[in-house]
Amino acid sequence: MSGDPIDWRALFASPEGRCPRGRFWFAVAALFVLAAIYEVVFGPTLKLVTFWIVYPALLASAACVIAKRLHDRGRSGWWAALVLLGVALMWRAPSAARLLLAAPIMIWSVVELGLLSGEEGANRFGPSPTAGQGVTYAD
């Protein structure tokens with residue numbers, strides 16, 4: 001992760017800018033933990049009311065984080081829709097056909113967003129998130 005403090009609002013609520021790989025993994029883990037806590041803490045009755053608030057908020061935050069990481073890779077944030085489609089296809093107890101469709105999307109997502117380095121230097125989405133910190137892009 002880069003050495004600057006995390007701007008939580010910018011990370012989870014705005015698709016603008018870029019996100020380095022380490023911060024991306026941190027954000028993904030945080031979103032999964034929040035979803036797991038929600039699933040464990042809220043009972044079925046309360047979920048009927050809160051589901052339509054909590055999951056759209058989590059999905060919107062995930063879209064922002066994914067868009068930022070795509071920007072760091074030099075890609076349009078609209079590709080986040082494909083990643084979220086892959087997640088939706090795997091939701092709960094997916095069928096074999098849905099898994100067959102989701103697998104290539106999720107493999108591409110992990111490689112593209114989680115393993116490959118971002119573009120060095122500034123790109124059309126902003127300056128490098130690690131610029132001037134003595135950090136190479138192998139973060």
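Reader: Is R73 buried or exposed, and what is its relative accessible area?

Author: This is a predicted model. R73 sits in the loop that joins α3 and α4. Buried means under 20% relative accessible area. R73 therefore counts as buried, as its relative accessible area is 14%.

Reader: Which residues is R73 in contact with, leaving aside its neighbours within four places in sequence?

Author: Contact means heavy atoms within 4.5 Å. Neighbours within four places in sequence are set aside here. The residues in contact with R73 are then E112, L116, S117, G118 and E119.

Reader: Which backbone oxygen lies 2.5 Å from a polar atom of the side chain of R73?

Author: S117 is one of the residues in contact with R73. A polar atom of the R73 side chain lies 2.5 Å from a backbone oxygen. That oxygen belongs to S117.

Reader: What share of the residues of the chain count as buried?

Author: The chain has 139 residues. Its C-alpha trace spans about 50 × 35 × 20 Å along the principal axes. Among the residues, the buried share is 35%.

Reader: What share of the contacts with a separation of 6 or more comes from residues 24 or more positions apart?

Author: Take the contacts in the chain with a separation of 6 or more. Then pick out those between residues 24 or more positions apart. Their share is 62%.

Reader: Which residues of α4 are buried?

Author: Look first at the cover. α3 and α5 are among the elements that cover the buried residues of α4. Those buried residues are A80, V83, G86 and L89.

Reader: Which residues lie closest to the centre of the largest pocket?

Author: The largest pocket has a volume of about 670 Å³. Its lining holds 24 residues. Closest to the centre are V28, F32, A62, V87 and M106.

Reader: Which helix gives the most to the lining of the largest pocket?

Author: α2, α3, α4 and α5 each supply at least two residues of this lining. The top contribution is seven residues. It comes from α2.

Technical notes: Residues numbered from 1 in each chain as written. Predicted model: local features only at pLDDT ≥ 70, side-chain atom pairs only at ≥ 80, totals over all residues. Heavy atoms only, no water. 1 Å grid on protein atoms, 1.4 Å probe; cavity = no way out; pocket = protein on both sides within 12 Å on 5 of 7 lines; lining within 4 Å. Points joined across faces, edges and corners; volume = space filled by probe spheres on them. Helix = DSSP H or I, 4+ residues; strand = E, 2+ residues; numbered from the N terminus. Buried < 20%, exposed > 50% of the residue type's maximum accessible area, 1.4 Å probe, protein only. Polar contact = N/O pair within 3.5 Å; in protein donor to acceptor, adjacent residues only side chain to side chain.
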